[in-house]
Amino acid sequence: MLPPDTAVFARHTSQADYRTGDLKLGCIAVLADLGRYLQVPFGCLVKYVGAMPSQQDLKRIRNNLTNKESKILTDDESGLRWTDFTPPAKSKGFEENVFKPLGRIISEILAEVPNRRVSFLANPNETPLSQRNNTSRPDGYLVLSDKQPEAKMHWFDIAVPFEFKKEQDTESLRDDEQKIIWSLHSIMREDPCRRFAFSITIEDTQLRLWLSNRACLAVTEPIDFLQNIDGVISLFYAFGSASASSTNNELGWDPTVERIRDGKKIQYEFTIGDEVFTTTRELATYGADSMVGRGTRVYEATDAGGEKVAIKDSWREVERQSEGEILESILASCAEKLQVEELADAERYFVGIRLWKDVIIDDAPDVTLDPLVGEEQNRSWKWVSIDLQPILSARPHLPSAGDIPNSGRLSAFLPTQSGGIARNDTGIPRRVHTRTVFNDVGVAVKDVTSLADNLTCLSDGLKALYYMHKAGWIHRDFSVGNVIWVGGIGKLGDFEYAKKIDSQTSHDVRTGTIHFMAVEVERQKYLFRPTTSNVRPVGRKPHDTSLPFRPPFRMNFLHDIESVWWAFTWIFFYHTDTDTTNANHSLDALHAQWKKFQLAFPGTVGSPSRQDFFSFVDELQTVCDDVLSETCRDVGDCIPHFAGALQHGYRKAEAKYPLLALDGTLLNDIHRQAAEYLDGAQQRATGIELCPLPDLLKPERPRPREETTPSPKKKPRHD
């Protein structure tokens, strides 16, 4: 029996709320994406930081801290204690003053580490510089020592952010958690040179160590800063020893990526195998916005000879093949099952991959740390749900590059989640860091403004799907961001989720936009089977083994083609034509079109408006007639007919459910009809230029500053 297909999981950082730049809404989206964090014993995580001091080293350090002129430690009749650090909850001073002695303690411990390259700074009223207009401020941070003299700190330079609270009540814990998660999020999304990041929170005397990587967010059970002196010394000694390396890879930096300046712009040099590639611009970086997942970034770059390429940097699950291997397998299947002339044609419509390599750090593949290693048996760990009620607020952060515009607003559906999002899976997927270099660099179909070129590109993407389907594969992720326009040809890319139709594998949850997902895939059930197909015959018992077996839901080629329909429809509902724009088309009409777009593309899983939009063809016809401009309507008048043809194909395939009739005849018929609809529309689209509706509807507002410095008169903790 084939396993069920991958479940759907919406990525909230791809929703409109996150991209508004509002810090409060952005925080909600990040927390909702995570849903939970892993709590582990202190020793599970601290062992990954760096070289721990031996018992002999601990004794030496304790003696040094006791005998030094600074006298950080006091050893008297009451026992060993920090000389100047008293329980913050008992102090009446301001928070930043109460924790000042902590800076001296950390600095003296770090001084015991030879060749350390980090130092501690407590600077709660300074906002680190940010490429994304991030105005949050940690209470303190370990920073690379060679960066300390700079007038202002950048998020690039922060090794370990800190958050402090005098109290350890529920609100203080929640505030520290949310702020430290946002700091970790800022590091991981902002810096392509970071593979993972540590952080520290302290509430009164309770210290917790955090780890963020692309597999999970983990935190330790708290240790008492006053009582567990050896634990505190070991932790900061480990950070010091981790920084002694010239590459800082134990602190999460990537030695295979170097940040460089190209005039005023920042670019990156990626070492992939034996070659070095220099980026020239971002193509898509929104995949890094979600803390857990593939963290995909895509850049245009040049090799040493100046040849233009595209580089994709991401973290795939260790059990999955790389994208290069998957495309290689697809082409091998095409060579086996297609005619010679078909194979030559097929290769034109797939992006060309030059090379792919897993990232190697210290002679080993760069795999995410797993804090549960060695803890599987004693169950000393647990998942903790995240409270989604935000505390952060204020100025906008800047959006990432290359995202697919989305109408979904996270705030509209989060209240139904009762403050947290439950997750059924209990394991942590191990992820391996991988890079792919593509020969083809073009423009994603979503950014092509010529309607004729746009539809030609989409039509070519459909051709690539046809050859994949004929060779026994499905793509599973067709979208307006995955088909690119290269030299007058549309090429299909992003094969990371592609599978053989009869594949026996099933992986973790899918994440990302659902704009172009077939409604059956979204619902994970067959929706067009006969209404009586699941009704038990009269007289049969519920568990009668002679009843037909109901197969688990799996994607098929019809779902890929429906994704093409959603992309086709998105083009017309997200845009209007420039002639209509120049003719001062009514704003009311544009708002009416945008409202229908939001119903069709809500960006949330399980929205009934999306399924209704596809399913009721007569109503779809009325909507197209009512809201699309006359020019666009004349080109896209086949939208309802295309939807109807797909539904007919589904009913034919599912007519004898639980048996599914997905034969070659149906494949050829549905592809032929889809190609006719796209080609016909393309022929009517000559000379039409597109304008995105949001560009016409968005209010004028000041451009966000590149960095923000708080007024000297007001020193808020987070603004």
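A: A salt bridge here is a side-chain nitrogen of Lys or Arg within 4 Å of a carboxyl oxygen of Asp or Glu. The model is predicted: local features need pLDDT of at least 70, side-chain atom pairs count only at pLDDT 80 or more, and totals for chains, interfaces and linings use all residues. Residues are numbered from 1 along each chain as its sequence is written, and side-chain values use heavy atoms, with hydrogens and water left out.

The structure holds 35 salt bridges. Start with Glu 203 and Arg 208. Their side chains meet in a salt bridge, at 3.3 Å from N to O. Glu 203 has 1% relative accessibility and therefore counts as buried (buried means under 20% relative accessible area, exposed over 50%, partly exposed in between, with a 1.4 Å probe and protein chains only). Arg 208 is at 8%, so Arg 208 is buried as well.

Next comes Glu 317 with Arg 294. This salt bridge has its closest N and O atoms 3.3 Å apart. Glu 317 lies in strand 15 (residues 308-317), and Arg 294 sits in the loop between strand 13 (275-284) and strand 14 (297-302), so the pair ties together parts that are 23 residues apart in sequence. Helices (H or I, at least four residues) and strands (E, at least two) are DSSP runs, numbered from the N terminus. Glu 317 and Arg 294 are both buried.

Strand 15 also supplies Lys 312. Glu 323 bridges to Lys 312, with the closest N and O atoms 2.9 Å apart. Glu 323 belongs to helix 9 (residues 323-337) and Lys 312 to strand 15, so this pair links parts that are eleven residues apart in sequence. Glu 323 counts as buried at 4% relative accessibility. Lys 312 is buried too, with a relative accessible area of 3%.

Now the wider picture. The protein comes to 21 helices and 27 strands. Of its 719 residues, 56% count as buried. Take contacts (heavy atoms within 4.5 Å) between residues at least 6 apart in sequence: 75% of them join residues at least 24 apart.

Axes are lines fitted to C-alpha atoms, for helices over the stretch in contact, and angles run from 0 to 180 degrees between N-to-C directions. By the cut-offs, under 35 degrees is roughly parallel, over 145 roughly antiparallel, 65 to 115 roughly perpendicular, and the rest oblique. Helix 4 brings Asp 57, Leu 58, Arg 60, Ile 61, Arg 62 and Leu 65, while helix 8 brings Asp 230, Ile 233, Ser 234 and Tyr 237. By class, this contact has five nonpolar, one polar and four charged residues. Here Ala, Val, Leu, Ile, Met, Phe, Trp, Tyr, Cys and Pro count as nonpolar, Asp, Glu, Lys and Arg as charged, and the others, Gly among them, as polar.

Leu 65 has another neighbour, Glu 108. Glu 108 is in helix 6 (residues 100-110). Not counting residues up to four places away in sequence, Glu 108 touches Leu 65, Lys 68, Ser 70 and Ile 72. Glu 108 is buried, with a relative accessible area of 18%.

Helix 13 (residues 557-574) and helix 20 (residues 664-683) form another contact. Their axes come within 11 Å and cross at roughly 10°. The two are therefore roughly parallel. Helix 13 contributes Phe 557, Leu 558, Ile 561, Val 564 and Phe 568, and helix 20 contributes Leu 666, Leu 667, Ile 670, His 671, Ala 674, Leu 678 and Ala 681. The contact has eleven nonpolar residues, one polar and no charged.

The whole structure has 36 aromatic pairs. In one of them, the rings of Tyr 574 and Phe 597 have centres 5.5 Å apart and planes at 55°, so the pair is tilted. Rings of Phe, Tyr and Trp (its six-membered ring) pair if their centres lie within 6.5 Å; planes under 30 degrees apart are stacked, over 60 edge-to-face, and the rest tilted. Tyr 574 lies in helix 13 and Phe 597 in helix 15 (residues 587-600), so the pair ties together parts 23 residues apart in sequence. Tyr 574 and Phe 597 are both buried.

Finally, the loop between helix 12 (519-523) and helix 13 holds Thr 531. Thr 531 is exposed, with a relative accessible area of 79%. Thr 531 and Ala 655 are 124 residues apart in sequence, and 10.0 Å apart in space, C-alpha to C-alpha.
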